[in-house]
Structures are given as structure tokens and as C-alpha cells.
Amino acid sequence: MTPLISVKKLSKSFPGVRALHDVQFDLVEGEVHALMGENGAGKSTLMKVLAGVYTRDSGEILLGGQPVQLQSPRDAQAAGIGIIHQELQLMNHLTVAQNIFIGREPRGRLGLFLDEDKLNAQAREILSRMHVNIDPRAMVGNLTVASQQMVEIAKALSFDSRVLIMDEPTSALNDAEIAELFRIIRELKQRGVGVVYISHKMDELKQIADRVTVLRDGEYVATVAAADTSVEAIIGMMVGRTLSDVAPAGRAASQGEIALEVRNLHAGPLVRDVSFTLRKGEILGFAGLMGAGRTEVARAVFGADPVESGEIFVKGAKASIRTPSDAVAHGIGYLSEDRKRFGLATGMDVESNIVMSNLRNFLSLNFFLRRARMRRRASHFINLLAIRTPSAAQQVRLLSGGNQQKIVIAKWLERDCDVLFFDEPTRGIDVGAKSEIYKLLRSLADEGKAIVMISSELPEILRMSDRVVVMCEGRITGELPAEQATQERIMHLATQRQTLKAA
Amino acid sequence: MQPDSSALTGQRRLTGLRARIFSPTALQKLLAFASLILLLVFFSFASPAFMQMDNILGILQATAVNGVLAIASTFVIITGGIDLSVGTLMTFTAVICGVFLTYWHLPMWLGVLAAIGTGAICGTISGTLTAKMKIPPFIATLGMMLLLKGLSLVVSADKPIYLTDTENFYMISQDSLIGYLVPSLPIPNAVLILFFLAIMSSVTLNRTALGRYTFALGSNEEAVRLSGVNVDRWKIAIYGLGGAICGIAGLLIASRLNSAQPALGQGYELEAIAAVVIGGTSLSGGSGTILGTIIGAFIMSVLTNGLRIMSVAQEWQIVVTGLIIILAVYADILRRRKS
Amino acid sequence: MLNRKLFGVVIGVGALVGGANLAHADEVYIPLISKGFQHQFWQAVKAGAEQGAKEHKVRITFEGPETEAMVDKQIDMLSAALAKKPQALGIAALDSKAAIPLLRRAQAAKIPVIAFDSGVDSDIPLTTCSTDNLAAAALAADKMAEAIGNAGEVGVIVHDQTSRTGIDRRDGFLNEMKSKHPNVKIVSVQYGGGDHLKSAEIAKAMIQANPNLKGIFGANEGSAEGAAIGVKESGKKLVLIGYDSGKEQKDDINSGLMAGAITQNPIGIGKCVVDSAVKALKGEKLPKKVDTGFYWYDKSNMNDPKIAAVLYD
């Protein structure tokens with residue numbers, strides 16, 4: 001039987017990143033095919049290529065045996081491929097019905113005016129088929145996220161596609177809603193629709209998937225039958241790689257004093273009852289999947305997000321941290337994962353960025369900038385951190401990612417923080433610069449700083465951490481000392497959701 | 001097992017009529033309308049000269065041009081963009097009309113078409129700059145504003161073009177069709193045109209694909225693109241429509257002054273935007289109504305006229321207008337925060 | 001509830017203002033619609049009108065659009081003024097034709113209309129209070145000729161060629177030179193829109209093109225001040241004669257950069273409007289035109305009380 005979709009040797013790169021390399025994939029009628037992999041494995045990219053959002057660099061896509069070019073979302077729609085994106089793509093100011101049928105509104109008189117009644121009727125039909133009780137005339141912006149996700153699903157279903165791609169469709173749904181979604185998926189299966197299902201949630205796979213394909217680092221690993229393969233085996237395929245750099249042996253367990261203690265922190269849906277301690281001189285790795293809540297914990301401790309309850313102790317003394325300036329005053333620094341947006345003033349020069357957190361130190365009469373002093377400090381850090389830049393006056397946006405990251409680090413060093421949260425410190429940085437950053441982190445810890453390193457790259461976590469804390473859906477699911485930390489154990493803890501029964 | 005339905009709707013359940021009256025957009029419109037009524041009542045008490053037929057007609061006539069420009073701006077602002085060129089585009093279309101009618105002695109209907117056509121073309125250019133060349137609307141239309149201002153002066157050789165040769169031109173704005181039918185209500189045609197245009201624009205916004213996409217683009221342009229809609233084409237069409245409406249404004253002002261005044265126009269775009277904003281349309285796009293814009297335009301002209309009738313010093317008139325704009329936008333921000 | 005509070009305040013304030021206005025209901029009320037209100041010239045006209053109002057115990061208002069291009073805004077103001085049923089009306093029309101329909105209504109309502117500064121293209125105004133720009137510019141020509149020894153090359157910078165004032169001042173200057181001072185040659189007449197910068201550039205260009213240039217006449221405040229800037233930047237010594245006053249011009253005359261200027265009598269214009277209106281209301285007949293006067297002033301007489309009174313900053 002010719003598969004609905006067949007992908008052969010597909011490659012796609014973005015500037016600096018090879019997202020997909022020679023990937024293969026196929027989907028037959030009436031199957032639910034799960035696509036799995038770590039963060040950055042290439043799952044979303046592959047699906048976006050199929051949905052016409054990205055164009056592939058090389059390789060073939062066959063639809064029902066015929067090769068196709070999918071240059072735009074319209075092409076994909078015309079080819080019968082529908083996609084439910086991970087990030088909701090809805091227009092909040094429009095109604096449910098208007099969102100579902102955007103671009104395909106039924107016309108009334110003269111073909112000029114829109115037939116709103118027909119639109120609502122059509123929407124109502126789809127929603128009732130889904131057994132979902134949402135008023136098609138409701139404004140999407142007023143709905144809960146779960147309802148919005150239902151609207152996205154309804155929109156995808158309204159295309160009567162032969163192929164339906166679902167990228168993390170259940171991220172905002174509760175059990176009852178998920179059950180309803182699965183019912184719809186089974187119905188689609190019966191009608192011969194092929195469903196590609198991307199999810200991190202192992203238990204869901206077991207319930208709904210027929211086959212599972214695993215991608216890793218943009219490459220194809222294997223395709224297995226879901227019923228016959230254990231969760232552990234799948235995880236093994238997702239992470240299995242030989243560690244090219246050996247974790248440094250015999251790192252002395254830090255016995256430094258406690259620099260930061262967090263107790264029972266609650267801050268929004270992704271920080272639930274989080275407690276951990278951090279010692280001077282140690283690097284504490286925070287592992288978990290995207291959306292596990294690690295960034296949210298850091299932001300809450302740093303005062304960037306409001307805290308509902310919980311206590312923070314800095315150097316043993318209770319600290320009230322409500323804004324980032326409170327945090328900085330207590331010696332806590334946070335290097336955010338999106339350094340371009342939150343870490344740097346990209347239009348300004350190296351010097352200005354470095355002194356930015358501590359500008360008060362560079363003012364005479366509390367008013368004028370002491371340029372010479374600024375220049376000296378900037379030079380100091382450029383040397384110390386080996387920042388490669390033609391001069392301190394170079395605009396930051398012209399530097400490479402690695403050097404930009406060093407500038408952010410310099411900024412926080414200038415501020416003389418004792419506790420540093422590094423959120424994805426080597427994201428988007430090439431291999432050479434990465435090891436420099438690693439060396440830097442290590443030397444900072446050796447100096448006595450206390451470091452929390454949030455990372456989605458398991459090798460990095462394993463290499464750098466003295467201890468590893470793993471989070472899943474807002475809770476800490478486990479803590480591992482360096483000797484006991486392995487990728488499998490971490491992955492297991494990272495996917496250990498509350499509702500998971502032993503698989 | 002059936003999922004709990006109310007959990008799925010996840011929305012405050014307001015039923016029927018109460019829901020429609022107390023929905024946020026309805027409240028905003030009500031607020032603006034109530035403000036207008038309050039102003040009218042207030043000024044009527046403040047001065048006996050206010051509520052006279054002559055003065056009311058004066059207010060209506062004074063609102064016409066700004067109202068039309070504000071309608072043009074409403075479309076663009078709902079898409080999340082802005083059009084700073086509406087004022088000078090209006091002037092340019094009036095100048096072109098003058099060229100057609102006075103320089104080239106063509107019949108009046110050609111002049112009318114020329115004005116609207118010029119507006120549509122220039123609007124399309126603005127749209128193309130924004131959609132295809134990705135120039136931010138603020139910059140693109142700022143450039144167009146200056147371009148059109150300069151062109152108006154060049155084409156007219158710095159002099160007003162008088163339209164007195166075309167006998168019936170003044171009738172577009174100044175004559176009164178209603179007055180023929182109901183002699184006691186000599187409402188100038190300009191006002192009739194304003195209301196007619198408002199109704200058509202409202203229908204377009206709410207009942208046509210162009211209107212639907214206007215809101216959609218303002219709400220989430222990326223989502224629209226991913227839904228397979230040709231975003232560029234529709235954006236250009238929306239700016240083009242705005243331009244054509246500016247052409248109508250050009251006809252109105254040229255007909256009112258019986259001349260095309262080339263130096264006029266810069267500054268009118270701010271008044272138009274003020275009317276749109278006071279009427280409840282958000283500058284960030286995605287929502288807005290024509291009715292709100294019309295009310296906003298009338299609030300401004302009633303305010304100006306009322307203060308004039310009360311002989312408040314001109315300097316203070318300007319201060320008050322500025323204050324009202326700030327308060328109106330702030331009230332809108334509060335309302336949004338609540339919902 | 002923000003709006004409720006707001007309107008409470010508005011009503012309160014309005015009641016006060018409105019109440020104050022209602023008290024004036026029986027006074028004679030004369031609105032003056034000017035070409036502008038921001039420029040000092042118009043502020044001087046306003047001051048003159050207020051003087052006249054105090055003298056005759058009448059009430060006036062003075063308003064004008066933000067720029068002289070806003071013809072339609074002026075019409076709106078005129079319309080609102082008429083709605084207040086004034087006893088008389090003063091108007092300095094931006095576009096003489098556009099105002100006529102409303103003026104006709106005023107005439108029909110037996111409201112005497114007094115034009116000022118610029119005339120209106122009709123016989124509706126009972127009189128026009130303005131400067132005889134032709135004669136004023138002729139005086140400037142005489143003074144220029146005198147200053148350069150009755151012979152030589154001279155340039156003229158005018159604000160525009162479409163307004164009455166622009167046309168009259170240019171023609172007045174040129175014709176006087178032609179008829180009374182035939183040895184003075186006008187080598188260039190340029191239009192700078194009354195814009196300082198533009199006029200400065202024009203002056204410099206004139207000096208470049210005519211190395212024997214002996215004098216420049218700026219036909220309004222902006223043109224004259226711009227010309228002065230241009231002459232200063234070019235470093236050449238010329239006879240500069242200006243028009244109107246303004247702080248810069250006064251300073252330039254004091255410093256010797258400018259030889260002198262012709263001033264209108266803006267205060268006189270304002271007063272003339274009110275005086276004429278009052279006269280008309282009394283039933284007196286008015287002359288078709290009132291020449292509100294112009295004066296030559298230079299360093300020697302600038303501080304004379306009579307001259308100083310008509311100069312503004």
C-alpha cells in the first residue's frame with residue numbers, strides 16, 4: 001500500500017544550525033505515527049516542512065507516491081496536509097468560527113458579503129462532532145487556553161485533510177479533554193486519515209500511537225511499533241549517544257557553605273512546591289524538558305516573576321525579593337536564555353553592555369558617565385574572558401553568539417554576584433566557544449561563586465554539574481549527584497509526569 | 001464519558017441581551033456615545049447660541065472632512081498599522097481634481113473619478129511599501145506624507161487652484177439634497193456623504209472578506225499567513241481602500257472651499273487619528289468600529305465648537321482637546337485591563 | 001467611573017465659565033477672525049483690538065487657525081462666530097472667495113462686517129482696515145535708493161506672489177524704483193515663502209550671482225530676517241531694508257546689520273476694526289478703506305514713543 005506521505009533524505013538548515021539531515025519518514029492511511037526526540041531533535045522542523053511553513057533544502061517528499069513541492073502553507077493545505085501548531089496560531093480578536101474558517105469564509109449575496117450565519121453553522125457542526133461545547137460566536141481571546149487549543153484542533157479538522165499533524169496538541173488539556181481528543185483521533189483513523197503525533201508524553205504514546213519514529217540531533221534513528229517497544233527503549237533511542245568528552249573525574253563534592261536556599265516556592269503553574277539548596281563553589285545543573293519550569297524557577301527567584309508563596313534564603317538570611325533589583329542587591333544574577341532579547345542591548349557597544357548593571361559605579365557627581373573608567377573595566381573583562389572583539393566600542397550585535405554570551409557574563413561579573421543562574425548558556429554557540437564557556441563556568445565556581453546551570457543539552461548537564469536537579473511540569477522530580485547522573489536516569493525523571501503509572 | 005461542557009467553554013457565561021450590552025466593545029461604544037451626549041447637553045446649557053440650527057449645521061459641516069479621513073484611518077489602524085499620509089493625500093487628490101477640472105477643462109465626473117482614483121493609487125503605494133518592502137507603516141506613510149505634500153505644491157505651482165469654472169462642483173459639499181426634500185433641514189451634502197460612507201465602511205468591515213482580514217491581520221498577522229491567506233495582497237488592498245476614501249475627503253474639502261489649497265493638509269492626519277482613538281479603536285490593532293470613529297470625530301468637533309461658542313480663549317481650546325485625547329486613551333487602557 | 005468623575009469636573013468648570021459668559025449677554029460682542037493667532041504680528045493686532053474694546057466698552061474675541069493654509073478651519077471659526085449672533089464681525093480672510101457665502105449670511109442678518117489686513121473680493125465689508133502696502137513698499141524703495149546713493153543693483157525677496165500683501169509690496173517697491181529712481185536696477189526678485197532659512201539661502205545666492213549688489217529688500221518679517229542671516233553669513237556689506245518688526249529685525253537694525261525697515265501698524269489695525277465696527281453700529285458711514293498707516297524706522301527713531309508703540313517683539 002502506498003504510504004500517504006513518504007519523506008526521503010530530507011535536509012534543512014538554518015543559519016548556523018543543521019536542523020535536519022537526511023531524514024526519512026513515512027505515514028500510512030489510518031495510522032497514528034508518533035514522532036519523538038529531545039528538544040532540538042528536529043521534530044517540529046520536519047513537520048513544518050511538511051506543512052509548507054519551511055521549504056526543504058534537499059530530499060524528496062512524496063504524497064501518495066507522487067513527488068510534491070510544498071512552497072507555502074497554501075500548497076500544503078491544497079495537498080491535504082493539515083497541521084496543529086505547538087504555539088497557538090489564533091486571532092484573539094476574532095470569533096471561534098471566524099478563526100476556524102479564515103480564508104475560506106462562506107459568501108452570501110453577490111459573492112461579496114460574508115454569510116456569518118452559514119459560518120457559525122459550519123463551525124457549530126464541527127464542534128459538535130468533536131463533542132466540544134464552545135459557542136462559535138465567542139471571541140477566541142476570551143477563551144481558556146484549553147478551549148483555544150480545541151479551536152485549533154477544530155480548525156485543522158475542518159480542512160478534511162488526509163494527513164493531520166499534531167504538534168504537542170495536549171499541552172494545555174486536562175484528562176477529560178485529552179480523552180475526547182483521542183476519541184476524535186480514533187475516528188479519524190477509521191476514516192483513513194493519517195495522524196502524525198508529536199509529544200513528549202510517553203503515556204499518551206502508549207495509548208494512541210501505532211508506530212513511533214525517533215529523531216536525534218536532526219537525524220533519523222529508527223521506526224518501531226509502539227505496542228512492542230518499551231518506554232525505556234524509546235528513551236534510549238532518543239538520547240543514546242556516546243559522550244565524546246568524558247565527564248571530569250573525581251570532582252570534589254563541594255562542602256562550601258549554603259549560598260542559596262529555596263523552600264516550597266510556588267509561582268504560577270510551572271513552579272509548584274520547588275525546594276533546593278545551592279552551595280558556594282558548586283554548579284547545580286537543572287535538567288528537564290522544555291516547559292518543565294526551570295526558567296520559571298530562576299525568574300521567580302530572581303524577582304522577574306511574581307511569587308505566590310515560598311521562602312528564599314541568601315547566605316542563610318531570609319530575603320524578600322520582589323523585583324530584579326532586589327535580587328541583584330542580594331547578589332543574585334540571571335543570564336536569560338534569550339540573550340538577544342533579555343541580556344544585551346544589541347544596538348549598543350561592548351563597553352556599555354558590560355557596565356550596564358552597575359552604572360552607578362561609573363558616574364561622577366552621580367550624573368556624568370566616567371568614560372575612561374568604563375573603558376578600563378571593559379578591557380579588563382575582554383582580557384579576562386578572552387572576548388574576541390576588535391574593540392570595546394564594537395557594536396554587540398556584530399559579535400558571534402559565543403562572544404555575546406561572554407559579554408553577558410562580564411556584565412554580571414561586574415556586578416559582583418555570588419549566585420548566578422545561567423539559562424541555556426551555550427545555546428546557539430559553536431563548539432569552540434562552548435568549551436571556553438565551560439572553562440569559565442568552572443573557574444567561576446572554583447572562585448567560590450554558586451552557579452545554577454539550566455540546560456536542555458544532557459551532555460552539557462552531565463559534564464558540568466556537581467549535582468543535577470530534574471524538573472517535570474513544574475515539580476522537582478529528582479536530584480542526582482554527579483556520580484549517579486546518567487542520561488537515561490535524567491530523561492526518566494524528566495518525563496515522569498504526575499499521572500504516569502508504571503509503563 | 002462525556003467531558004464536562006462548562007469546563008470546556010472556559011468562558012464567563014453571560015446570556016443573551018445582557019451579554020451583548022455589557023460586552024467590552026459595546027461598553028466602549030456606549031461610553032463614547034454617552035460622552036458625546038453629555039458634551040452636547042453641557043454646551044447647550046453653557047450657551048444659548050450652541051443648540052441653534054445654524055450652529056448644529058456648522059458642527060456637521062466641520063466634522064465631515066475629519067470624519068472621512070478618520071474612517072480611512074480606521075481601516076489601517078485596525079490592521080495594526082498607521083497612515084500618516086491621509087492629510088496630504090487628501091490635498092493631493094484635491095489638487096489632481098483641480099488639474100482635471102480647471103487646467104484641462106474636463107467634465108466634473110472625471111474630476112471626481114480622478115480624485116478617488118489618485119487616492120486609491122497612492123494608498124496602494126503605501127500598502128506596497130509596507131507589505132512587500134517591509135517598511136514599517138509609520139515610516140512608509142511618513143515618507144508618503146512628505147512626498148505628497150511636495151507633489152501638491154509642485155503640481156499646483158504653489159498656488160490654489162480655483163474650481164469656480166466647474167459650475168456645480170460646490171454642490172458636492174455645500175448644497176443640500178436633504179434640504180430639497182425637507183426645507184427645514186438644510187443639512188449639507190458633505191454630511192450626507194460622510195454618513196453614507198460610514199455605513200458602507202461599516203458593512204465592509206463587518207460583512208466582507210476584506211473587513212474580516214482587516215481584523216485578522218491586526219489580531220495576529222502570522223496566524224493569518226500560516227492559514228494560507230495572501231497577507232500581502234490584502235494589506236495592499238486595505239491601504240488602497242483607505243487611500244480611495246481620502247480621495248473622497250479631497251473632494252469634500254475642495255468643494256467646500258471651491259478651490260484646491262495645496263499648502264493645507266499636514267496636521268490633519270493627527271486629528272483623524274485622534275478621532276479614531278477617542279472612538280475606541282486600539283492603536284495596536286485587531287479591534288475597532290466605524291461607529292466609534294464617527295462618535296470620536298463628533299466629540300472633537302463638538303468640543304471645539306462648544307468651546308468657541310463659549311468664547312474660551314483659543315489657546316485653552318487646544319489644551320482641552322489634548323487633555324480629552326489623553327483621558328480617552330487612558331480610559332480605553334483601563335477598560336482593556338479589566339477585561 | 002473615571003469618565004463620570006471627569007464629566008463632573010467638566011460640568012463644574014463649564015458652569016463657572018458658562019456663567020461668566022452669560023453675564024455678558026447684553027454687551028456688544030464683536031468676534032475677530034484673523035489669519036492666525038500665534039505669530040506676534042497677530043498678537044499685536046489682538047492687543048490693538050483689546051484696546052479699542054476697552055475704550056468703547058465692547059466685548060471681543062480674537063481667533064485664527066494654526067497655519068495660514070488652514071482655510072477650512074477659518075471658515076469653521078467664522079461659522080461658529082456667526083452662530084453666536086454677534087453685533088458686528090471682523091475678518092482677515094485667508095481666501096477671499098471661500099468666506100463669501102458666510103459673509104453674505106452676516107450681511108443678511110444685518111451684521112456689519114469689517115475686513116482687515118487682507119481685503120475680501122466683494123463689497124460686503126463696510127470697510128477694510130489695512131496697510132497701504134503699495135505706498136509702504138514705495139517708501140522702502142525711496143529709503144533704499146537714498147541709502148545706496150541713488151544708483152546701483154538691488155535685489156528683492158518677497159514671501160509669495162499670490163497673496164495681496166505679497167503682490168502689493170513687490171509691485172510697490174518695483175514701480176517706485178522704476179518711476180522715481182531710474183538708476184537703481186532691480187536685478188533679482190525671488191520668493192522665499194517667508195521662511196527664514198529659505199530666504200537666507202536666496203540672499204546668499206543673490207549675492208553670489210551679483211557681485212555688485214548694493215542692497216536687498218525683504219518684503220516681510222521672515223524674508224527680511226532670513227536675508228539678514230544670509231548677508232551676515234556671506235560677509236558682504238549691503239544695505240538691508242526689512243518689513244514689519246520682530247525681535248530679530250529690531251536687533252539687526254540696532255546692530256547696524258540692517259539699515260531700517262517699514263513697520264505696519266498692527267495695533268492700529270486691531271483698533272481700527274473695533275472703532276469701525278462701533279461706528280457702523282451707530283449708523284455712521286464708513287470709508288471704503290482705512291489706511292492704518294506705516295512708518296519707516298531705523299536706529300535713530302526706533303525708541304520714539306510713537307514708533308515704539310507699533311513695534312512688536
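This is a chat about a predicted model, moving from its chain contacts to a few local details.

Trainee: Which two chains have the most contacts between them?
Mentor: Among the two pairs of chains that touch, chains A and B have the most contacts. There, 32 residues of chain A are in contact with 26 residues of chain B.

Trainee: And which elements of chain A give two or more residues to that side?
Mentor: They are α2 (73-78), α5 (145-158) and α6 (175-190) of chain A. By class, the side of chain A that touches chain B has 16 nonpolar, 11 polar and five charged residues.

Trainee: OK, what about chains B and C, how many residues does each put in?
Mentor: Chain B puts in 34 residues and chain C puts in 29. On the chain B side, the elements with two or more residues are α3 (24-46), α4 (53-78), α11 (231-257), α13 (290-309) and α14 (314-338).

Trainee: Which of those gives the most?
Mentor: α3(B) does, with six residues.

Trainee: How far apart are the closest C-alpha atoms of chain A and chain C?
Mentor: They lie 23 Å apart, and no contact joins chain A and chain C.

Trainee: Staying with chain B, how many helices and strands are in there?
Mentor: Chain B has 14 helices and two strands. Its radius of gyration is 21 Å, close to the 20 Å that the globule rule gives for 339 residues, so chain B is as compact as a globular protein of that length.

Trainee: What does the C-alpha trace span along its principal axes?
Mentor: For chain B, about 80 × 55 × 40 Å. Of the 339 residues, 55% count as buried. Also, of the contacts in chain B with a separation of 6 or more, 77% come from residues 24 or more positions apart.

Trainee: Switching to chain C: which domains is it divided into?
Mentor: Domain 1 covers 9-131 + 265-293, and domain 2 covers 133-263. Their C-alpha centres lie 32 Å apart. Where the domains touch, five residues of domain 1 are in contact with seven residues of domain 2. The domain 1 side has one nonpolar, four polar and no charged residues.

Trainee: I've got Gln249(C) on screen, where is that?
Mentor: Gln249(C) is in helix α9 (residues 247-255) of chain C.

Trainee: Buried or exposed?
Mentor: Gln249(C) counts as buried because it has 27 C-beta neighbours inside 10 Å, and the cut-off for buried is 20 or more. Leaving aside neighbours within four places in sequence, its contacts are Glu221(C), Ala224(C), Glu225(C), Gly242(C), Met258(C) and Ala261(C). Gly260(C) is 11 residues away in sequence and 8.6 Å away C-alpha to C-alpha.

Trainee: What about α10(C), how many of its residues are buried?
Mentor: 13 of the 17 are buried, so α10(C) is largely enclosed by the rest of the structure. The helix runs over residues 266-282 and reaches 25 Å from first C-alpha to last, close to the 24 Å expected. Just after α10(C), Gly283(C) takes a positive phi of about 95°.

Trainee: Last one, β6 in chain A: which residues are on each side?
Mentor: Ile81(A) and Ile83(A) are on one side of β6(A), Gly82(A) and Ile84(A) on the other, and all are buried, with both faces covered. Four bridges join β6(A) to β7 (residues 163-167) of chain A, and the two strands run parallel.

Trainee: What stands opposite Ile84(A)?
Mentor: Met166(A), in β7(A).

Note on methods. Residues numbered from 1 in each chain as written. Chains lettered and ligands numbered in written order. Predicted model: local features only at pLDDT ≥ 70, side-chain atom pairs only at ≥ 80, totals over all residues. Buried ≥ 20, exposed ≤ 12 C-beta atoms within 10 Å, placed from the backbone. Domains from an automatic or database assignment. Nonpolar A, V, L, I, M, F, W, Y, C, P; charged D, E, K, R; others polar. Expected span 1.5 Å × (residues − 1). Pairing = 2+ DSSP bridges. Rg over C-alpha atoms; globule rule 2.2 N^0.38 Å.
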